[in-house]
Amino acid sequence: MAFREAHVGLNPRAMEIDSGEKRLNELGYKQELRREMNLFKTFAITFSTMALFIGTPLYGSSLLYAGPASMIWGYVVVTFFTWFVGFAMAEICSSFPTTGSLYFWAAHLAGPRWGPFASWCCAWLETIGVVSGIGATAYSGAQGLQIIILLSTGTNKGGGYLATRSVFLSMYIILTLIWAVLNSFALQVVAFLDMISVWWQVIGGFVIIVALPMIASPTQSASYVFTHFETSPETTGIHSKPYAVIMSVLLSQFCLYGYDTAAHLTEETKGADRTGPMAILCSIGIISAFGWAFILALTFSIQDPAYLYDPNNETAGALVPAQIIYDAFYGRYHSGTGAVIFLCIIWGTYFFAGLSVTASAARVVYALSRDGGVPFSKVWRKIHPKQKVPINAVWLCTAISIIIGLPILKSNVVYTAVISIGTIGWVGSYAVPIFARLVMDEKDFKPGPFYLGRASKPICLIAFLYISYTCSVFLLPTLYPLQWDTFNYAPIAIAVLLTLIMLWWVLDARKWFKGPARNIEFQNGAI
């Protein structure tokens with residue numbers, strides 16, 4: 001004991017080292033990124049990535065498929081299963097607090113034989129998901145701006161300006177570039193903006209949720225909101241009621257993911273083995289509660305369900321929630337100014353979400369590049385010497401997200417495809433480490449401060465099955481009959497990408513890619 005005290009006295013760093021950094025060193029990585037984030041800042045970025053109003057563009061189609069009851073109760077069911085995924089990921093995050101997060105988890109949990117392959121699959125699924133996520137958020141932001149401009153200049157009925165495809169694409173690109181510029185500064189800049197985002201969403205969300213049903217007159221009955229079921233086969237082409245219900249729940253499944261962002265930030269967070277899991281679970285809890293309340297507020301405030309989809313209405317039938325909000329304000333005050341203000345609050349969440357998704361995507365690419373898993377890895381893993389951010393990875397993700405958005409000029413189904421690809425990739429990447437955790441021998445798992453104990457296996461099983469279901473339904477056609485302007489090309493895109501990734505693995509990558517590469521060695525050889 002005397003020797004240990006003397007040793008510590010000569011090495012004060014041993015007493016001061018952060019618990020997350022200590023665990024990072026044990027896993028074979030040295031601290032390169034600046035570790036200055038606290039729980040609230042990590043939660044803020046994670047919360048912003050999930051975003052309270054992120055599913056707003058999908059509300060109209062979800063309502064159309066099977067009516068309000070299916071959408072409302074579907075959200076509750078999705079929330080229930082999301083908690084299983086969240087708990088499973090929180091436990092793993094506590095044990096492996098690294099920026100590589102999901103694919104690092106997959107490599108270590110799958111063991112030396114299957115680890116490299118599991119890591120490879122997980123890394124590329126996640127990369128596809130988060131980069132597509134930038135595109136999906138930019139599309140939502142551009143659509144929000146399009147409607148705000150339309151209502152501010154006189155509405156669709158009053159000669160207002162509805163942005164053309166080229167202008168829409170320009171807004172999409174400008175948003176992605178702004179997010180990239182902001183992410184080129186120190187992460188503290190993004191964290192500060194996302195701290196604003198938390199209060200923006202909580203206060204703004206509370207105002208909209210409470211005020212909208214009070215402004216709307218009349219409001220829909222509780223019976224309509226909670227029990228009314230109605231399909232629209234003449235519009236959607238879907239005659240099967242179970243199929244219609246499945247489609248109506250896509251809104252909820254799209255809204256409730258992105259909480260792995262906390263894991264991507266663990267190398268920049270103090271006490272990450274504790275704060276990472278807490279940020280994951282806090283984000284799920286708050287977003288799920290506020291998100292359901294927002295859907296309820298919109299549904300209670302509907303004035304005329306059929307009019308919401310009329311291409312000749314004030315919002316050109318382009319964004320159903322915007323028409324609901326406009327109808328509420330115009331019906332009471334004969335003015336749409338309040339609707340524009342509410343839509344600006346909603347648009348702000350898109351902006352903050354895009355900022356956070358870009359930060360998350362860059363760190364996924366950086367982590368994979370650090371381990372040599374991306375072409376030209378030396379370029380993408382470069383850290384800005386002053387800001388300590390993966391700046392090249394930021395701009396790579398931005399460039400790809402812009403390319404993804406180019407079909408906006410010709411196609412009407414870009415958004416459906418992008419969110420499908422993003423959800424399948426992002427949520428699908430959750431399945432790999434969770435499945436590895438499920439099948440591994442418990443004695444081989446080194447738990448962190450957050451540990452599920454005996455509940456871990458059943459929780460992981462339910463989480464894995466739910467993720468598999470979610471990925472499957474986002475591959476389904478969303479409209480019938482199948483035509484070029486209604487076809488969900490996500491299955492083709494996913495199939496092509498996965499085929500290329502698997503061919504790369506079989507023909508080349510399996511020979512050299514060994515998963516996360518350690519960049520620190522201990523003198524005694526221990527880890």
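Predicted model: local features only at pLDDT ≥ 70, side-chain atom pairs only at ≥ 80, totals over all residues.
## Overall fold

The protein chain holds 21 helices and zero strands. Of its 527 residues, 58% count as buried, and the accessible surface of the chain comes to about 21000 Å², with 68% of that area belonging to carbon and sulfur atoms. Among the contacts in the protein chain with a separation of 6 or more, 83% are accounted for by residues 24 or more positions apart.

One of the helices is α13, which covers residues 261–264 and includes Ala263. Because its relative accessibility is 0%, Ala263 counts as buried. The C-alpha atom of Ala263 is separated by 9.5 Å from that of Thr275, a residue twelve positions away along the chain.

## The largest pocket

The largest pocket contains about 1200 Å³ of space. Its lining is made up of 43 residues, and those that lie nearest the centre of the pocket are Tyr139, Gln143, Ala318, Asn412 and Thr416. Two or more lining residues are given by each of the elements α5 (56–95), α6 (101–152), α7 (165–183), α10 (233–236), α15 (320–333) and α19 (414–439). Helix α5 supplies the largest share of this lining, with seven residues.

## Salt bridges

The count of salt bridges in the model comes to five. In one of them the side chains of Lys157 and Glu314 meet, with a distance of 3.9 Å from N to O. Lys157 lies in the loop between α6 and α7, whereas Glu314 lies in the loop between α14 (272–300) and α15, so this pair ties together parts that are 157 residues apart in sequence. The two partners fall into separate accessibility classes: Lys157 is exposed, with a relative accessible area of 54%, while Glu314 is buried, with a relative accessible area of 11%.

A second pair is formed by Arg437 and Glu442, whose closest N and O atoms are 3.0 Å apart. Arg437 counts as buried because its relative accessibility is 0%, whereas Glu442, with a relative accessible area of 27%, is partly exposed. A further salt bridge joins the side chains of Asp441 and Lys443 at 3.7 Å, N to O. Here Asp441 is partly exposed, with a relative accessible area of 40%, and Lys443 counts as exposed at 67% relative accessibility. Salt bridges that share partners also join Glu91, Arg437 and Glu442 into one network.

## A nonpolar surface patch

On the surface, Leu177, Val181, Phe185, Val189 and Trp395 form a nonpolar patch, and together these residues have about 380 Å² of accessible area. Within this group, Val189 lies in helix α8, which spans residues 187–215. Val189 has a relative accessibility of 31% and therefore counts as partly exposed, since that class lies between the cut-offs of 20% and 50% relative accessible area.

Methods:
Residues numbered from 1 in each chain as written. Heavy atoms only, no water. Patch = residues over 30% accessible without salt bridge, like charges linked within 9 Å, V, L, I, M, F, W, Y side chains within 5 Å. Areas by Shrake-Rupley, 256 points an atom, 1.4 Å probe, with all protein chains shown as cover. Salt bridge = Lys/Arg side-chain N within 4 Å of Asp/Glu carboxyl O. Helix = DSSP H or I, 4+ residues; strand = E, 2+ residues; numbered from the N terminus. Buried < 20%, exposed > 50% of the residue type's maximum accessible area, 1.4 Å probe, protein only. Contact = heavy atoms within 4.5 Å. 1 Å grid on protein atoms, 1.4 Å probe; cavity = no way out; pocket = protein on both sides within 12 Å on 5 of 7 lines; lining within 4 Å. Points joined across faces, edges and corners; volume = space filled by probe spheres on them.
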